[in-house]
Amino acid sequence: MILRSDLKVIADLVPAGARVLDIGCGDGALLAELRATKGVDGRGIELSGANVAAAVARGLAVVQGDADADLADYPGGGFDVAILSDTLQAMRDPAAVLANMVRIARQAIVSFPNFGHWRVRLALLATGRMPVTAALPAPWHATPNIHLCTIADFADLAAGLGLTIEAAVYLCGAREVRFALNWRADQAVFVLTRGT
Amino acid sequence: MPDISPDYRLHLPQPFTLASGAVLPALEIGYATYGTLDAARSNAVLVCHALTGNQHVAGVDPRTGKPGWWTRMVGPGKPIDPARHFVVCANVLGGCSGTTGPTSRDPATGAAYGMGFPVITIRDMVTAQAALIDHFGIDTLAVVGGSMGGMQALDWAVAFPERVRAVVAIATAARHSAQNIAFHEVGRQAIMADPAWAGGAYPPGTQPSAGLSVARMAAHITYLSEAGLTEKFGRRLQDRDAVSFGFDADFQVESYLRHQGLSFTERFDANSYLYITRAMDYFDLAAPFDGRLAAAFAGTRARFAVVSFTSDWLYPTAESRRIVHALNAAGAAVSFVELDSPFGHDAFLLDAPNLNRVVDGFLQASV
């Protein structure tokens, strides 16, 4: 199975046999991979009915719902890992979603497109218009990504919420980036826990 | 040519105690099975029927000569497939298709129970099904149902948490709402207002047809959606070019409902209708748990698939979400999807490829 590059990173970060909640799980590609390779006990939440039908048809336990509204109903500590891949920027209340993730699970793994990437900065500087890139293909008025942030913004929010960053992987395409991160990474994956 | 659905009877001579405390001196269960129980007795799927259904879920109904009521879901090549599953479907307690109900003979009087039949609950229906499942020596199983069948499927997981591996609950609710009860009460009052009802003691072979027919008409409206009715009938007239300035069935929708009502009286018993609607009204899974639905599911080991339809206003998506929230809170493995359909509550009985896909995938992973 071919996984999106951030999903590959996330899959590597999930411990074997973990209880996993994938928030915005799409058609269940990541959960199916984690079930096959890591033997996880996986659950998903997904907004699109067609995606849920596809995930359930794969034998996955996926609930159609809206993470902004539904995460509050999950009991605390029910999962080892909560995953939010490429979805944070579409949440109405990203801070509440992150807080719920570390309440529901011991560990939160979050991937998001970096709005601080040099192409985005250059596009805005040069054209004076909201950037349209491979990672952010929709025009500003049609994008589901209503809360875009940079890597630095995200780190600020995590600190503000009292979260501990346990690990971070920075990607440009499929390659890992190791310096000038907020300029060169077009995606980031963070592993967070509740601060002590 | 599909096979005739078998019409079996199981006679259980021992007394059967009901949730109300009343005792039936014996129990007869009318049921059908399809497929073969495997050596490990692990491939059983119990299908629970809705209010006016019967045990003939697949094949050809031997009484009507028409296809069983859910041949879209159960049968060769379908998600519930006799080639893989041992499919069991039983007429519910209180029914009129072979299982003990108000039309059965009361051994104390020698006549039909009529209104002497004790009031039953969904739990009583489930307990009776469990007796049948025990008869087959089946330990664990999957339970599938829509509407009232979904209530039974959910109640199975609560009543027998250690026996249920998988539950499919479609277009259903964990309790009857005030509106659900209200519509049922209209139907019951229509039956009881028919002089032919005679306090429930109408002679065998007769029916309070006018009352039962009105009950069915009112209920049938709740199974459809406004958009569905508009699309199917609009304001179109029945076999005429202008309204008659009378009370004939001028409109197609009137003619359709009258036909639905009348044909129903040929296949269903009025007293059974009273008793089964009562059982549905009494249904509230959370009631014994101080209203906490999650507590009802606390001991479950089952996987759940909950499905609702966008245009179902009888058991709307909000009721399914309530079930899903409770299952999540109980830590159960639950899947939920709201499927698009313009056909209202009846959508689960109609051609719904997405429903089949979901049930198929879920059962492949569960049974």
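What percentage of the 196 residues of chain A count as buried? In this predicted model, in which local features need pLDDT of at least 70, side-chain atom pairs count only at pLDDT 80 or more, and totals for chains, interfaces and linings use all residues, the value is 49%, where buried means under 20% relative accessible area, exposed over 50%, and partly exposed in between, with a 1.4 Å probe and protein chains only. Residues are numbered from 1 along each chain as its sequence is written, chains are lettered from A and ligands numbered from 1 in the order in which they are written, and side-chain values use heavy atoms, with hydrogens and water left out.

Chain A contains 8 helices and 8 strands, which are DSSP runs numbered from the N terminus (helices H or I, at least four residues; strands E, at least two). Its radius of gyration is 16 Å, close to the 16 Å that the globule rule gives for 196 residues, so chain A is as compact as a globular protein of that length; the radius is taken over C-alpha atoms, and the rule is 2.2 Å times the number of residues to the power 0.38. Among contacts (heavy atoms within 4.5 Å) between residues of chain A at least 6 apart in sequence, 65% join residues at least 24 apart.

Helix H2 of chain A, which spans residues 29-38, has among its buried residues Ala29(A), Leu30(A), Leu31(A), Ala32(A), Glu33(A) and Leu34(A). Just after H2(A), a positive phi of about 60° is found at Gly39(A).

Between chain A and chain B, 19 residues of the former are in contact with 19 residues of the latter. The area buried between the two chains, that is, the accessible area (1.4 Å probe) lost on putting them together, summed over both, is about 1500 Å², and carbon and sulfur atoms give 54% of it. On the chain A side, Val56(A), Val63(A) and Gln64(A) lose the most area to chain B, together 31% of what that side buries.

Elsewhere in chain A, Gly173(A) lies in the loop between strand E6 (163-172) and strand E7 (175-176), and Gly173(A) is partly exposed, with a relative accessible area of 35%. When residues up to four places away in sequence are not counted, Gly173(A) touches Ser5(A) and Asp186(A).
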